[in-house]
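User: Could you walk me through how some of the helices and the interior of this one are packed?
Analyst: Gladly, let's look at the structure together.

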Amino acid sequence: MTQLVDLQPLEPWQEVRSTPQDWAEADPKLLETFLGQLHLIRAFEEEILELSGQGLVHGPAHSSVGQEGGAVGSIVGLRSSDGVNGSHRGHHQFLAKAISHISPYLDLNNLVSEEMQAMLQKTAAEILGLDQGFSHGRGGSMHLQWLEAGALGTNAIVGGGVPLAAGNAWNQLHSGTDDLTISYFGDGAVNIGSVLESMNLTAAWNVPLVFFIENNLYAVSTTVAEATKEDRLSGRGVGFGIPSYRVDGMDPLAVWKAMRLAESHARAGKGPVVIEAEVYRFFHQNGAFPGSAFGYRSKEEEESWRARDPLERVANEMKVIGLVDDDLVAGVRDQAVAAMKKFSEQLLEPDPEGKEGSRRIRPELWPPAEFVDYGVRSDASELQGARTEELENFTGELKDTRFVDAIANGIDRAMERDDRIVILGEDVHKLKGGTNGATKGIPEKYPDRILGTPISENAFAGLAGGMALDGRFRPVVEFMYPDFMWVAADQVFNQIGKARHMFGGEGKVPLVLRTKVAMGSGYGSQHLMDPAGIFATAPGWRIVAASNPFDYVGLMNAALALEDPVLVIEHVDLYTSRGPAPVDDLDYQIELGKAKVVRPGQDLTVLTYMNMVGKSLEAVEQTGLDAEVVDLRWLDRASLDWETIGESIRKTNAVMIVEQGVQGTSYGTWLSDEIQRRFFDYLDQPVLRVHGREASPSISKVLEQEAIAKTEDVVAALTAAKAGFGRN
């Protein structure tokens with residue numbers, strides 16, 4: 001007969017409950033801090049809901065009223081150097097971390113110091129979108145960040161902040177600290193791929209991340225039971241070998257006890273922990289109405305949970321052991337409410353054009369209009385004083401070098417120069433240099449700084465984003481093919497690309513993302529794309545693309561020195577091509593925003609990049625047209641060399657943009673529009689474009705060649721351009 005043997009999980013899955021003895025033996029200062037924080041957060045949320053009801057909060061107000069116990073219980077006792085991030089419903093976590101940073105323990109008779117009052121006002125100002133907010137009003141309610149306090153930034157994308165928290169925790173581990181990071185997310189996020197990928201990755205690498213699930217039973221109106229078979233959500237962790245705890249989130253002491261178990265595990269270098277806290281939001285997803293007003297919850301259910309209010313729970317337990325009485329609790333409440341009214345008085349004034357008693361935000365408190373684009377990228381001042389070179393003027397020893405070897409040599413030297421650089425991606429640590437040889441020799445020299453990842457693009461891209469935001473390391477991420485980045489599009493575009501601007505424009509995001517275009521290699525529709533066109537229209541990214549080994553080394557060095565995320569695009573056609581590259585002197589940069597005229601000419605300007613530089617030169621020679629060929633090198637809007645482009649156009653009065661990729665995601669689409677806006681008066685004919693077909697390249701060799709632009713396509717376009725010269 002077949003035997004069935006029960007399998008035991010690698011790590012425990014347990015429920016944590018507090019007892020009367022726990023309450024009696026708890027440090028009185030801990031309980032007083034619980035009570036003070038709970039009342040401050042509750043009063044803050046109620047004030048924000050009131051302001052929202054008056055139309056003074058632009059956008060949503062996702063309150064945490066009812067859920068404060070999970071945040072306070074898990075954060076009280078943490079260090080300022082411990083990190084936390086959260087979701088769109090994150091006021092309570094942000095405030096708990098900020099309050100703890102200012103005052104680890106609270107005095108119930110003097111609850112709000114001047115520093116505390118200033119923090120509360122600054123938080124409210126951020127939610128209202130005002131200049132005095134932590135991010136000058138850019139982050140608002142859903143993007144709260146105060147790095148000094150360890151508040152890494154809340155996040156409007158469900159589950160989106162979890163990989164970023166993993167990156168912060170990785171940095172903590174590898175910086176020689178025993179700090180930890182907590183990522184807060186709701187029941188809806190436990191079914192998000194980036195969360196589950198991050199559980200696997202952090203468990204595999206023993207990263208000290210606490211996955212804190214706030215199970216409030218509803219994702220807007222959809223219940224947990226409707227969304228998943230196993231509604232004990234902490235069970236997700238067990239499958240990844242992560243110790244997991246379930247706790248009543250309305251009981252802050254029970255949460256605190258669970259957090260101590262998690263803390264001892266994570267700080268000891270044993271890896272991540274999952275905590276599931278059952279909590280309840282007293283109001284709807286957004287605003288001050290109960291869920292029953294929308295028909296998805298009953299009033300009876302709401303009343304039963306309100307009877308478990310964490311504020312009442314803590315006060316009652318403290319009364320039992322004689323720490324507080326009704327008058328002291330009422331005094332705590334009064335102090336908290338007064339603090340919130342005080343910041344409202346500072347931020348608001350009577351509305352002279354509104355109804356009697358109505359208020360408006362003081363007009364002078366809005367951020368200035370010219371701040372709108374500030375900080376999308378750095379000002380590149382970090383590159384000042386850097387040594388820049390061009391091949392023609394280089395005085396060091398050169399050697400005929402394969403392009404892919406120049407990649408490996410350049411990265412090797414960069415890692416030798418800067419021990420903050422870490423490489424991560426699929427198979428980068430094996431195969432004698434990864435799948436193409438770009439990391440050849442590096443794993444042997446820097447075994448702790450080259451990380452072979454699971455096939456989990458969301459997790460490792462986001463982890464790298466968190467590493468960069470923290471700043472202690474400079475990640476270089478390899479995506480084996482550009483199309484794979486779309487699996488991680490949330491992390492690449494919503495998180496990494498927007499982070500600097502979203503959080504006020506002052507932060508740094510030093511991350512390099514390498515990928516290779518594989519058109520012509522037969523890998524089909526899901527491996528070959530040129531990502532330049534999409535990245536050029538996405539905020540926050542810089543883009544470089546080299547056409548030869550010498551330029552690659554200099555462009556990569558510049559990318560690694562920038563405090564921005566930089567996409568470095570390579571092409572498989574170039575990997576085996578050869579050209580001069582330095583033998584020993586690998587410490588130069590290609591000047592930021594500097595294109596290169598690789599063939600002077602008078603008849604027409606050809607703007608191109610990467611492998612199409614060579615094909616354009618071939619085509620020019622075949623046609624005999626005296627075309628000027630410009631290798632753009634820097635492709636993003638902020639870094640394009642408009643001076644060189646403009647000088648060429650004013651000379652030739654005709655432009656052709658040459659790229660290999662498909663028409664729909666074409667880089668030339670926006671570039672041609674920009675050229676016509678800037679240089680229309682100098683153009684004798686419309687901007688011409690060479691690009692691939694509408695369809696992505698497919699497996700068939702014949703169809704693939706038909707789908708992408710080739711030398712003969714450039715020849716045909718040049719011939720057509722020549723025929724149009726002199727016509728009106």
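**Helix packing and cores**

Analyst: The axes of helices H14 (residues 403–417) and H19 come within 9 Å and cross at roughly 30°, where axes are lines fitted to C-alpha atoms over the stretch in contact and angles run from 0 to 180 degrees between N-to-C directions. Helices here are DSSP runs of H or I with at least four residues, numbered from the N terminus. This is a predicted model, in which local features need pLDDT of at least 70 and side-chain atom pairs count only at pLDDT 80 or more, while totals for chains, interfaces and linings use all residues. Residues are numbered from 1 along each chain, and side-chain values use heavy atoms, leaving out hydrogens and water.

User: Which residues in H14 meet H19?
Analyst: Phe 403, Ala 406, Ile 407, Ile 411, Ala 414 and Arg 417 in H14 meet a set in H19 that includes Pro 549, Tyr 552 and Met 556, contact meaning heavy atoms within 4.5 Å.

User: Switching topic, how many residues has the largest nonpolar core?
Analyst: That core has 119 residues, and Phe 185, Trp 541 and Leu 671 are among those with the most contacts inside it; a nonpolar core is a set of buried Ala, Val, Leu, Ile, Met, Phe, Trp, Tyr and Cys residues joined through side-chain atoms within 4.5 Å. Helix H19 (residues 549–561) gives the most to this core, with eight residues.

User: And what does Leu 671 touch?
Analyst: Not counting residues up to four places away in sequence, Leu 671 touches Leu 607, Leu 632, Leu 640, Trp 642 and Ile 657.

User: Is Thr 453 buried or exposed?
Analyst: Thr 453 is buried, with a relative accessible area of 10%, buried meaning under 20% with a 1.4 Å probe and protein chains only.

Notes
Buried < 20%, exposed > 50% of the residue type's maximum accessible area, 1.4 Å probe, protein only. Helix = DSSP H or I, 4+ residues; strand = E, 2+ residues; numbered from the N terminus.
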